[in-house]
Amino acid sequence: MNILIEKFNTPYHAAPFTHIKNEDYLPAFKELIQQSEEEINAIVNNPEAPTFQNVIEALAYSGEQLDVVSNIFFNLNSAETSDEIQQIAQEVSPILTEHSSKISQNEALFNKIKKVYDEREKYNLNEEQKMLLDETYKGFVRSGALLNEEDKEKLKKINMDLSLKSLQFGQNVLASTNAYFKHITRKEDLAGIPEAIIDQYAEEAKERNLDGWVITLQYPSYLPFMTYAENRELRKELALANGKKSFDGGEYDNQSLIKELLDLKQQKAELLGYTNYADFVLEERMAKSPAKVFDFLNELLTKAKPYADKEIEELKSLAKADGIEDMQSYDHAYYAEKLRKQKFDLNDEELKPYFPLNQVQDAVFGLAGKLFGLTFEERTDIPKYHEDVKVYEVKENGTYKSLLYVDYFPRKGKRAGAWMTSYKNQYKQNGENSRPHISIVCNFSKPTKDTPSLLTFQEVTTLFHEFGHALHGMMADTQYPTLSGTSVKWDFVELPSQFLENFCYEPEFLKTFAKHYKTGEVLPDEKIEKIEQSKNFMEGYQTLRQLGFGLLDMNYHTKVAELENESIKEFEDKYTKATTLYPINPETAMSPSFSHIFQGGYSAGYYSYKWAEVLDADAFQYFKENGIFNPEIAAKYKVLLSSGGTKDPMELYKNFRGSEPKVESLLKRAFG
């Protein structure tokens with residue numbers, strides 16, 4: 001019996017990780033695809049006249065177990081992968097893509113959907129039902145339902161190729177990241193680096209059966225080295241290695257893959273009647289058009305560039321004092337840290353003892369309790385996919401709300417970065433409110449034998465960010481799984497995450513949890529004040545960096561024809577020039593490891609981070625004006641979170657705030 005086929009016999013039907021064998025996946029996918037196809041056939045062959053209930057609703061609830069198993073498998077492929085799982089992913093992805101195309105291009109099914117859509121006025125639909133009908137109809141049209149048979153086949157093949165190539169892109173980045181490490185045998189090469197980080201490097205070396213210290217390109221290893229190492233040549237070497245990820249002409253090079261991916265996206269857009277892929281994507285976003293996104297990014301660029309230039313000049317004068325006349329990008333983190341220490345007498349290492357991971361987690365759990373009445377209780381009887389993972393049962397005023405998995409530490413099989421995901425969506429059916437299973441995955445420093453996991457302040461904000469996404473998932477309270485939780489317009493999805501980060505800078509809240517892990521001493525007022533003051537430190541630089549990513553992404557997805565005569569490097573340099581603050585290195589490029597747009601879902605959507613910053617600054621301003629724990633405003637915000645994609649996001653936002661968001665809120669927060 002394959003454990004993945006039926007509803008799981010675990011508390012809250014949680015994923016039975018400890019009982020799943022790799023050989024279960026392929027047969028389970030095949031069986032569940034067949035079951036899903038039978039559900040579709042039942043809708044198509046229903047002799048009764050098409051109605052909202054027997055077509056649109058029936059389709060929304062179909063394939064539930066297939067979705068659950070897909071979530072389990074692809075989440076593990078990101079958080080706990082192996083050669084075997086990656087091999088299965090290569091086999092499974094085209095099968096799933098074909099299945100998805102089969103549904104979206106099923107003519108008989110679409111005819112029934114179209115009939116219900118055309119006759120929608122005769123149904124007495126509520127707001128959520130109208131949204132579901134609209135999204136279903138548009139989804140089919142955007143998936144090629146109106147194409148002729150030949151073009152449907154073309155689209156099917158394009159989707160399959162995109163699925164496999166984006167998977168390959170991610171696997172190459174992971175392999176390229178893992179392939180490099182720097183082995184250091186002389187302690188003097190680590191001058192400037194705090195002892196706790198050096199201990200981390202020693203542990204890494206020990207794990208590889210080496211003497212001395214090892215630095216990798218994993219974020220918790222690479223970033224501290226770039227921030228503190230006095231040895232400029234070694235900083236340069238590490239930065240070059242990082243900048244060459246999947247850009248060295250070797251086995252894991254992604255340059256030709258990028259061109260293939262972009263070409264496929266352009267073909268898809270044209271086939272569906274759009275000028276380019278960005279037009280296709282943005283039709284379904286708050287921004288609506290590439291022109292609006294370019295205007296938005298360029299307006300911010302004009303306003304932020306003078307601040308960024310001024311910041312870099314400050315760093316250059318510090319570097320000059322060290323005899324460096326030609327400051328490079330690999331010097332940035334080192335001198336930014338020096339300047340931060342000089343300005344605010346604040347460095348990550350002296351703050352870290354006040355932010356042990358367990359206290360930060362308690363704080364974010366407590367905040368969710370204060371704002372929304374949530375409590376978190378660890379469950380040891382729910383299966384986990386790795387011993388580092390913890391599972392919490394989340395309750396709202398005593399009633400079961402969600403499961404929350406947390407997975408905090410780096411591993412070989414885990415991709416870099418931090419993200420929130422879900423194993424199961426929330427929905428209501430037959431009088432039952434089926435609750436979601438949500439997960440947060442991060443890459444924080446592991447505890448050592450002497451110290452707990454201590455977070456940098458940036459990692460504190462990262463945890464709050466991902467927990468903001470998790471709240472969006474956990475608070476979900478919609479009828480249909482496809483409109484639940486984070487199933488919202490992509491440029492709205494970052495609002496809850498970025499919104500929550502604001503609390504990290506509020507003194508009255510910080511004092512409740514920033515306590516020294518050894519002495520229990522509360523973070524002193526002057527340090528809290530400095531955290532507040534340093535909130536906008538290097539804000540101009542960070543803004544230009546994000547705008548650079550956003551502009552590069554938009555140009556890739558609107559000007560793909562230029563790549564016929566240009567290399568990836570030439571294209572990247574050309575379209576990031578306006579946001580580049582240091583000399584461009586001819587040996588490095590970030591595009592070949594730009595997983596957000598070539599593996600994740602941010603194609604023609606990277607701008608949404610900045611877009612959502614306007615929303616989050618404006619939303620938090622509302623709290624600030626009325627008290628950051630204001631229960632009435634928290635209740636209104638909870639409605640926004642729990643509504644998922646049931647309403648137009650701007651309407652949801654205006655219901656919460658009373659007006660549209662103002663870009664001035666962001667500029668005021670960023671630059672005063």
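**Cores, a buried helix and salt bridges**

Biologist: Which residues does Phe 355 touch, not counting residues up to four places away in sequence?

Modeller: In this predicted model, the contacts of Phe 355 include Val 360, Ser 453, Leu 454, Leu 455, Phe 457 and Val 460.

Biologist: How many residues has the largest nonpolar core?

Modeller: Phe 355 is one of the residues with the most contacts inside that core, a group that also includes Phe 376, Leu 404 and Phe 503. The largest nonpolar core has 141 residues.

Biologist: Which helix gives the most to this core?

Modeller: The helix in question spans residues 290-321 and gives 12 residues to the core. It is helix 13.

Biologist: Is Ser 36 buried or exposed?

Modeller: Ser 36 is in helix 1 (residues 22-44). It touches Gly 63, Leu 66, His 99 and Ile 103, not counting residues up to four places away in sequence. Buried means under 20% relative accessible area. With a relative accessible area of 3%, Ser 36 is buried.

Biologist: How many residues apart in sequence are the parts that Glu 107 and Lys 152 tie together?

Modeller: The side chains of Glu 107 and Lys 152 meet in a salt bridge at 3.9 Å, N to O. Glu 107 lies in helix 5 and Lys 152 in helix 7, so the pair ties together parts that are 45 residues apart.

Biologist: Where does Lys 647, the salt-bridge partner of Glu 127, lie?

Modeller: The side chains of Glu 127 and Lys 647 meet at 3.8 Å, N to O. The pair links distant parts of the chain, 520 residues apart, with Glu 127 in helix 6. Lys 647 is in the loop between helix 25 and helix 26.

Biologist: What is the distance between the closest N and O atoms of Asp 161 and Lys 157?

Modeller: Both residues lie in helix 7, four residues apart, about one turn of the helix. Asp 161 is partly exposed at 23% relative accessibility, whereas Lys 157 is exposed at 53%. Their closest N and O atoms are 2.9 Å apart.

Methods. Residues numbered from 1 in each chain as written. Predicted model: local features only at pLDDT ≥ 70, side-chain atom pairs only at ≥ 80, totals over all residues. Heavy atoms only, no water. Core = buried A, V, L, I, M, F, W, Y, C linked by side-chain atoms within 4.5 Å. Buried < 20%, exposed > 50% of the residue type's maximum accessible area, 1.4 Å probe, protein only. Helix = DSSP H or I, 4+ residues; strand = E, 2+ residues; numbered from the N terminus. Contact = heavy atoms within 4.5 Å. Salt bridge = Lys/Arg side-chain N within 4 Å of Asp/Glu carboxyl O.
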